[in-house]
Amino acid sequence: MNGRGKSDGCVVPEKPPNKDAAASAEAVEERHPAKENSSKQNRSRARIRQDLQSALERVRQAAKRDRKQKFTTLWHHVYDVDRLREAYCALTPKAAPGVDGETWQQYGENLEESLADLSARLKRGAYRAKPVRRVYIPKADGQQRPIGVPTLEDKIVQRASVEVLNAVYETDFLGFSYGFRRGRGQHNALDAIAVGIQRRKVSWVLDVDIRGFFDAINHEWLIQFLEHRIADRRVLRHVKKWLNAGVLEKGEWSQSKQGTPQGGSISPLLANVYLHYVFDLWAQQWRQRNARGDVVIVRYADDIVVGFQHREEAESFMSNLVDRFAEFGLELHSEKTRLVEFGRFAAERRRKRGLGKPETFNFLGFTHICGKTRDGRFALLRTTMRTRLRRKLKELGAELMRRRHWSLLDVGMWLRQVLLGHYRYYGVPRNYPAMSAFRQAVTRLWYRALCRRSQRRRNLWSRVAGLASRWLPQPRIMHPHPDQRLLV
């Protein structure tokens, strides 16, 4: 490690202003220049990145011109040393290591030599994918979510492969697909469904939940879907290697006959490709052929919300979707998949039928509620999900107890970052009360932690209130109204 960047290889230094290219490369790199790489060593990182993007832009334009074209030569883009270096630099340095125990810092000690060796193995077909290390993280419903941690080299190659394959598939993916795509995020999906509910004739919302989606992906179908666009056998061979590498858990290896492990860089892209052919194209065709009223579709990875104008169409869509998913090894979660009456006229219609308030639905961490403005007009309220809020506060309480003997300065700075991160995601219009309640709950947790730290509780609350005023920022709305973002 040095002061030029995250690692020695993550910043390619600029060429000194003299005429002797070979001597300048020696002076900057402090080693003898390789015969074939001397020109690359003298290029700036910005120039390298521009060249890499130019190469992919040609692929992107070809994919856009002919939506049925199959690409036969893509692998040379993946094993390019510059692309592998960019993939390494884009990884998180503090990420957990895989089964080999190699960390980002260790790999970067001899980065250029390691990348050159990796590129050579990828070129001649000697690269071998290693099993992923299985770990578990808690879910909002109290269950455990299995996560696969690939080795560092697998992460590098997968990330480089994703960059290349995205150049092809970004031209194919439909507009209502938002998950893990460049220039799109969770708030774009949230805004899309919000605008659809407020501006289109949506009276029913189907909240779709796929049971164990990432673990249910059929390998054979996935490869067939990839072959619609990818005819480079080397690309397909390496995808099969990652799918069949298996899982190492508690020292025991098990084969992966289906599914793609969450945690790998290529898993989100493979999931998008799978659902593009299984759901997106089918749903688009169903909407064009079968729907008489408005239908609004929003998908973020395996989280799907569909709005309908007519109930009978929503029920027909759900019935057809069950059959469609069954063909490809997928299944709807019967308890979490719900059809709810929702929209601008839901409250009035339910009141006429003697029913209570409209039901709510959850999407990407927010509970969506039918509300009203001060003058009685319909307003979509998006508030932080209670399960997410409780889980976060439980984690914060345990961590505050662990840090209760830290200095007030360190704890205050840490809590400040926690709240700012919370506001950055949940700071949507009309969610101020939930964010304010979160700040108050964090203040009470800090008070409890300090009570365990000292027996002198007299005037402690007033002291904590002063600390909160200094270190805990007030809630802020960080995102514009949905229609404003979509207009931009």
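A charge counts as sitting over a ring when NZ of Lys or CZ of Arg is within 6 Å of the ring centre and within 35 degrees of the ring normal. Arginine 403 does this with tryptophan 414, its charged end 4.1 Å from the ring centre. Keep in mind that this is a predicted model. Here's a quick tour of its sheet, a hairpin and some aromatic contacts.

**Charges over rings**
- Besides the pair of arginine 403 and tryptophan 414, arginine 184 lies over the face of tyrosine 178, at 4.7 Å from the ring centre.

- Four strands line up in the order 6-7-3-8, with antiparallel pairing.
- Strand 6 (295-300) and strand 8 (338-341) are the edges, each pairing on one side only.
- From one strand to the next, the twist averages 15 degrees.
- Strand 3 (residues 204-209) and strand 7 (residues 303-308) are joined by 6 bridges, and leucine 206 stands opposite valine 306 there.
- Helix 9 (residues 186-199) packs on the sheet and touches strand 3, strand 6 and strand 7; its direction makes about 165 degrees with that of strand 6.

**The hairpin**
- Strand 10 (residues 366-372) runs antiparallel to strand 11 (residues 378-384), with 7 bridges between them.
- Cysteine 370 stands opposite leucine 380.
- Between the strands are 5 residues, and glycine 376 takes a positive phi near 90 degrees.

**Aromatic pairs**
- The whole structure has 22 aromatic pairs.
- Tryptophan 221 and phenylalanine 225 count as stacked because their planes are at 25 degrees, with ring centres 5.8 Å apart.
- Both residues are in helix 11 (residues 219-227), 4 residues apart, so about one helical turn separates them.
- Tryptophan 221 is partly exposed at 32% relative accessibility, while phenylalanine 225 is buried at 6%.
- Ring pairs link both into a cluster with other residues, including Phe213, Tyr274 and Phe328.

Note on methods:
Residues are numbered from 1 along each chain as its sequence is written. This is a predicted model: local features need pLDDT of at least 70, side-chain atom pairs count only at pLDDT 80 or more; totals for chains, interfaces and linings use all residues. Side-chain values use heavy atoms; hydrogens and water are left out. Two strands pair if DSSP finds at least two bridges between them. Helices (H or I, at least four residues) and strands (E, at least two) are DSSP runs, numbered from the N terminus. Axes are lines fitted to C-alpha atoms, for helices over the stretch in contact, and angles run from 0 to 180 degrees between N-to-C directions. Contact means heavy atoms within 4.5 Å. Rings of Phe, Tyr and Trp (its six-membered ring) pair if their centres lie within 6.5 Å; planes under 30 degrees apart count as stacked, over 60 as edge-to-face and the rest as tilted. Buried means under 20% relative accessible area, exposed over 50%, partly exposed in between (1.4 Å probe, protein chains only).
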